[in-house]
Protein chains: 2
Amino acid sequence: MDVKTLCLGVLHLGDATGYEIRKMFEQGLFSHCLEASFGSIYPALNRLAEDRLVVCRDERQNGRPDKKVYSLTAEGRAEFSQAILKDLAEDKYRSEFLFVSVFADLLPPNHMTELVDQQIATMKRLADEITSSSAETNTAGIRFVQGFGQVMHAAAIKYLEENRHLIEKDLTPEIPLETPADSPPLRTI
Amino acid sequence: MDVKTLCLGVLHLGDATGYEIRKMFEQGLFSHCLEASFGSIYPALNRLAEDRLVVCRDERQNGRPDKKVYSLTAEGRAEFSQAILKDLAEDKYRSEFLFVSVFADLLPPNHMTELVDQQIATMKRLADEITSSSAETNTAGIRFVQGFGQVMHAAAIKYLEENRHLIEKDLTPEIPLETPADSPPLRTI
DNA sequence: AGTTATATATATCAGGCCAATATAAGGTAT
DNA sequence: ATACCTTATATTGGCCTGATATATATAACT
């Protein structure tokens, strides 16, 4: 699924400029499941306009450069309905944090603690952004996707908080109340 | 973090060919958090060999073409330890399934039901792959990352099963045993 | 009043990366 | 027999990201 299709989808929810489409991927409804940059959005909109799947109207603004507001045409609407029937790519999750976690023992003391703190903070911020992102149209599909994002972020935060000790080597430990005779055997996953 | 660094990381866990590195991203330890294709791995290994961060030895095999087995050098080891200290990119989750879910009302009847079934099946397969992927070295970092993957997949499956009704419009319903007087009010997320 | 930062808004480009494809050989199921 | 899968390496077209450039306005500091 290329950026052209993603743009058609966003425009299905209402007219928008390239800048506003970008914001939908950066902060808005799709921020936790999709990404697209200016370098792909602007060419995609030009192609879509050439193919008459969208139309563009210039809106003058006092002082600022003209806004180019794009709207879906009937053909664009039909094209999008067809596009979402095609086979979907498998989900991709890309996490440099997890990659580095594998090599936790190579990091200097307390560095992993900082990374985990950062990771939890980021997850909380993203969850908050989902909560506060309200589209003008609030459909069942939108609620479903927002709910998914929140559940997943909550699960990630919970796992990090409960299991961070596995990869942290704290050089300033609290004095242990009891010295365990043996470590419990490690569960092989 | 580019593919060169990812290759150094994989080689940190043991010698490997380009093909085996690719498998680590496709099925193995990193399959649920990273991706890299042949088109980036082979050039990356050539660059690393030029820069003396890895060395390559040819291994003859009866019949089949020679294997090129790569090993980390001391310089490569040092380079990797430095690389994982740099700022990490934010996690990215890309899901065409979630994107399409927003537009569930545009799909023909029962299509979303198929998509959800597929999605759950895929999640279960990926969770199983994590369970069965055992590296020769089983460190705390590896267990942490595997555990994360399993928790996240389990959370996704649970959410899909409990909330799929929100986006499904079933045109061939079972005869209800009881007719509920009212649907419970939708929880606004 | 001046400076800095942020937001709106469009556009381009180098370089990185994926998906597809080519090549080659052997095993395995039909 | 033959079609297909697996092991392996390699290349290429084209898409996409990340960075950068341009222009303007507003808000917040100094």
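This is a predicted model: local features need pLDDT of at least 70, side-chain atom pairs count only at pLDDT 80 or more; totals for chains, interfaces and linings use all residues.
In chain A the mean pLDDT is 88, and 84% of the residues reach at least 70. Residues 183-189 of chain A have a pLDDT below 50, and in the model this stretch has eight contacts beyond near neighbours in sequence.

Helix 4 of chain A spans residues 74-83, and A:Gly76, A:Phe80 and A:Ala83 are buried in it. These residues lie on the same side of helix 4 of chain A because they cover an arc of only 60° around the axis. Their packing partners are helix 1 (3-12) and strand 2 (67-72) of chain A, together with helix 5 (96-102) of chain B. On the face turned away from the buried side, helix 4 of chain A carries the exposed residues A:Ala74 and A:Gln82.

Side chains of opposite charge can pair when their charged atoms come close. Over all chains the count is 21 salt bridges. One of them joins A:Glu26 to A:Arg22, with the closest N and O atoms 3.1 Å apart. Both residues belong to helix 2 (residues 18-26) of chain A, where they are four residues apart, about one turn of the helix. A:Glu26 is partly exposed, at a relative accessible area of 41%.

A:Arg47 and A:Asp51 also form a salt bridge, their closest N and O atoms being 3.7 Å apart. A:Arg47 is partly exposed at 41% relative accessibility, and A:Asp51 is partly exposed at 38%. In chain B, a salt bridge of 3.7 Å, N to O, links B:Lys4 and B:Asp2. B:Lys4 is partly exposed with a relative accessible area of 23%, and B:Asp2 is partly exposed with 40%. A network of salt bridges links A:Asp15, A:Arg57 and A:Glu59.

Technical notes. Residues are numbered from 1 along each chain as its sequence is written. Chains are lettered from A and ligands numbered from 1 in the order in which they are written. Side-chain values use heavy atoms; hydrogens and water are left out. Buried means under 20% relative accessible area, exposed over 50%, partly exposed in between (1.4 Å probe, protein chains only). Helices (H or I, at least four residues) and strands (E, at least two) are DSSP runs, numbered from the N terminus. The arc is that of the directions from the helix axis to the C-beta atoms. Contact means heavy atoms within 4.5 Å. pLDDT is the predictor's confidence in each residue, from 0 to 100. A salt bridge is a side-chain nitrogen of Lys or Arg within 4 Å of a carboxyl oxygen of Asp or Glu.
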